[in-house]
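Dear colleague,

I am handing over the structure below, together with a short account of what was found in it. Please look it over before reading on.

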Amino acid sequence: MKNQKRKADISLDAEKSKAFFNIKRTASWLDQKVNDFLKPYKISEQQYNILRILRGAGEQITVNVIKERMIHKSPNATRLMDKLCDKKLIQRTRCENDRRIVYVKISNIGLELLDQINFEEFDNTIQNLSIEEAKKLNALLDKVRK
């Protein structure tokens with residue numbers, strides 16, 4: 001009897017381990033798909049995320065706010081923004097009262113680039129899920145992050 005319980009525990013642990021690695025593998029697969037999708041636009045997934053954050057903000061926000069909102073918390077967010085500045089996709093200004101604070105806003109060129117990127121084409125990667133399956137997956141992923 002004790003041996004059967006142990007086998008059941010091992011089986012549960014194996015399924016949880018499999019789920020963990022399946023999530024990691026799927027995340028990696030999705031990252032590669034997104035990077036391939038964005039390659040023609042010459043921006044990375046993190047840069048795209050920064051542009052979306054800025055468009056959604058509708059006004060200039062600080063670098064720290066951008067870092068907090070990023071999907072992939074990146075220690076090199078400043079470098080990513082440097083590249084976006086070089087491409088004239090964003091504009092930065094220093095706070096007049098505190099030179100340590102930097103404000104960032106999306107430029108018209110950045111807005112035009114986002115308009116060109118039809119991310120609905122990418123959404124085809126999850127089209128084989130029903131609405132109910134997507135809801136269940138969302139709930140499970142939310143539960144994992146709690």
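Read from the N terminus, the elements of the protein chain follow the order α-α-β-α-α-β-β-α-α-α, which amounts to seven helices and three strands. Helices (H or I, at least four residues) and strands (E, at least two) are DSSP runs, numbered from the N terminus.

Please keep in mind that this is a predicted model, in which local features need pLDDT of at least 70 and side-chain atom pairs count only at pLDDT 80 or more, while totals for chains, interfaces and linings use all residues. Residues are numbered from 1 along each chain as its sequence is written, and side-chain values use heavy atoms, with hydrogens and water left out.

On the overall form, the protein chain has a radius of gyration of 20 Å, whereas a compact globule of 146 residues would have one near 15 Å; the radius is taken over C-alpha atoms, and the globule rule is 2.2 Å times the number of residues to the power 0.38. Along the principal axes, the C-alpha atoms fill a box of roughly 75 × 35 × 25 Å. Of the 146 residues in the protein chain, 24% are buried, where buried means under 20% relative accessible area, exposed over 50%, and partly exposed in between (1.4 Å probe, protein chains only). Among the contacts (heavy atoms within 4.5 Å) with a separation of 6 or more, 52% are accounted for by residues 24 or more positions apart.

Helix α4 (residues 77-86) deserves a separate look: its buried residues are A77, L80, M81 and L84. They lie on the same side of α4, because they cover an arc of only 95° around the axis, the arc being that of the directions from the helix axis to the C-beta atoms. As background, an α-helix has 3.6 residues a turn, so residues three or four places apart point the same way. The cover over the buried residues of α4 includes α2 (45-57), α3 (63-69), β2 (90-94) and β3 (102-106).

Two lysines stand out for their backbone angles. Just after α4, K88 takes a positive phi of about 65°, although K88 is a residue other than glycine; K88 is placed in the loop between α4 and β2 and, at 54% relative accessibility, counts as exposed. K42, which is not a glycine either, has a positive phi of about 60°; K42 is found in the loop between α1 (2-38) and α2, and its relative accessibility of 63% makes K42 exposed as well.

With kind regards
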